[in-house]
Amino acid sequence: MNITNLNPDSDIGSSAWMVELDEHRILLDAGMHPKREGLDAVPRYGKSGTHDVDAIAISHCHHDHVGSLPLACRQFPKAHVLMTELSYLLIERVLHNSVNVMTRQRDELGIREYPLYTHDELDDIAAHFQGFKYNREVEWSAYHKARAGMPSPTLEFFDAGHTLGSAGILLRGKKETLFYTGDVCFHDQTILKSARFEDVKADVLIMETTRGNREVPKEFTREKEIERLVAAIHAAEKKKGAIMIPSFALGRTQEMLALLALLMREGKLKKQPIYIGGLGRVFTEIYDIEAARTHRQHTNLHLNDALQLIVLEKGQADSMKLSGGKIFVITAGMMSENTAAHTLATRMVGDEKQSIFFVGYADPDSPAGHLKAAKLGETFVFSPSAGQLTKRCDVQDFDLTAHANRGDLLEFVGQVSPRAILLGHGDDAARKWFEEQINLRWPKIKVYQPQPAKMVSV
Ligand SMILES: [Zn+2]
Ligand SMILES: [Zn+2]
């Protein structure tokens, strides 16, 4: 089996793994790097050789896993694009939004090569998309059987519990198997239940390592973290400022909305409207519509009915009053430029009445990362367009992650019991921790930290 990590960087970056199994080739994920710009953000598809690729399989619809799919389709025009049924409902929305974001960035930041693909191109490739149920075995190379003269390997999606439609992907060849975790969550969130990976065994494992650099404190529970969030919201209301919870539009937004809805229902928070973004609203509706088909909790909790959701209009974030304990659950999670969260932050950071509560991952090099790292009263560079800000508002971090804790991932390694592991989707410290732990507990497992565009034969 040959595996090439096409992520242009050695951090979380953009996920894209080329796998060659029984002379058939499949690309696992086609992400876009959130911190890089233009073509630098794209996986190194050109470095994956000249052979035909039979299929592209998508683990879930976050931008770092799917954002460069049209470019992958351009590079591998014969490939069918396979995903879960739920991802099939989301993927075009995510990619069309990405065209809009890139077009804005071309105009406002002067990145000439943007957009890297167009709405028309998306409509053309959408004909190659196919959605499958979890736990169905699919011959991913059946269409190209004649060319290769070999029976097709198969693929199976396993529910990863990370976001709607998320999946780990099991590839089965003639003799060997490979499992790719994608992004995975081994604990229940407010909506989604934990991953269903119990039956997974494989010879080779490609594993995410996002939280390898983070130890969970012994006394930590999600319930206590939620109590802490409630107390922080009450304190913010007393100050009569506003509250912003920066969140990715897909997954994080709906988890936060569900949590707020339940807390309001229990009387722990006062009932009030919640401000969200346009894309957040679209995904919230899809979460509601698919509630009965999703492996989740609170199947009867429909967010649109339970909450009074107000969609921020264009330009509103620049001018609306930030008072009265207004709550914003708004993109982007890392407060990247040209987003409502970035605009609101530039107005809130210097005002001690305001509160910003983080509930997910923020890269240290993103505006959110800069804000988190600054001390109270310190003047720091927030972003190139906003320049310097002085941190006076209340900034807090709540651990309500949608990624597996490192201890749970390590247990999963024991369950899968592979002969080789490739570590990805994490920073250097995170991958190092896993490599050390795996070497310690299972010295026979060969551990790789594959560098960009270097093929590993396992
Ligand atoms: Zn993700
Ligand atoms: Zn990811």
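How do the axes of α3 and helix α8 (residues 278-289) cross, and within what distance do they come? I looked this up first, and found that the two axes come within 11 Å and cross at roughly 175°, the axes being lines fitted to C-alpha atoms over the stretch in contact, with angles that run from 0 to 180 degrees between N-to-C directions. That crossing makes α3 roughly antiparallel to α8, since angles over 145 degrees count as roughly antiparallel, under 35 as roughly parallel, 65 to 115 as roughly perpendicular and the rest as oblique.

**Conventions.** I noted that this is a predicted model, in which local features need pLDDT of at least 70 and side-chain atom pairs count only at pLDDT 80 or more, while totals for chains, interfaces and linings use all residues. Residues are numbered from 1 along each chain as its sequence is written, and chains are lettered from A and ligands numbered from 1 in the order in which they are written.

I then listed the residues that make the contact, which are L89, L90, R93 and N97 of α3 together with L279, V282, F283 and I286 of α8; two residues are in contact if their C-beta atoms, placed from the backbone, lie within 7 Å. By class these residues divide into six nonpolar, one polar and one charged, where Ala, Val, Leu, Ile, Met, Phe, Trp, Tyr, Cys and Pro count as nonpolar, Asp, Glu, Lys and Arg as charged, and the others, Gly among them, as polar.

I recorded 14 helices and 22 strands, both being DSSP runs numbered from the N terminus, with helices (H or I) of at least four residues and strands (E) of at least two. The radius of gyration, taken over C-alpha atoms, is 22 Å, close to the 23 Å that the globule rule gives for 458 residues, so the protein is as compact as a globular protein of that length; the rule is 2.2 Å times the number of residues to the power 0.38.

The domain assignment, automatic or from a database, gives domain 1 as 2-214 + 402-457 and domain 2 as 222-397. Their C-alpha centres lie 28 Å apart, and 25 residues of domain 1 are in contact with 25 residues of domain 2. On the domain 1 side, helix α3 (residues 85-109) gives the most, with nine residues, and that side as a whole divides into ten nonpolar, seven polar and eight charged residues.

**Burial.** I found that buried residues make up 47% of the 458 residues, a residue being buried if 20 or more other C-beta atoms lie within 10 Å of its own, exposed if 12 or fewer, and partly exposed in between, with C-beta atoms placed from the backbone. In helix α11 (residues 340-348), eight of the nine residues are buried, among them H342, L344 and M348.

**Backbone exceptions.** I checked for departures, given that most residues other than glycine have a negative phi, and most peptide bonds are trans. A cis bond with omega of about -10° joins Y114 and P115, and P115 sits in the loop between α3 and α4 (119-125). Another cis bond runs from T331 to A332, with omega near 5°, and A332 is in the loop between β15 (327-330) and α11.

N338, also in the loop between β15 and α11, has a positive phi near 60° and counts as partly exposed, with 15 C-beta neighbours inside 10 Å. H425, in the loop between β20 (420-424) and α14 (428-441), has a positive phi of about 50°, and with 27 such neighbours inside 10 Å it counts as buried.
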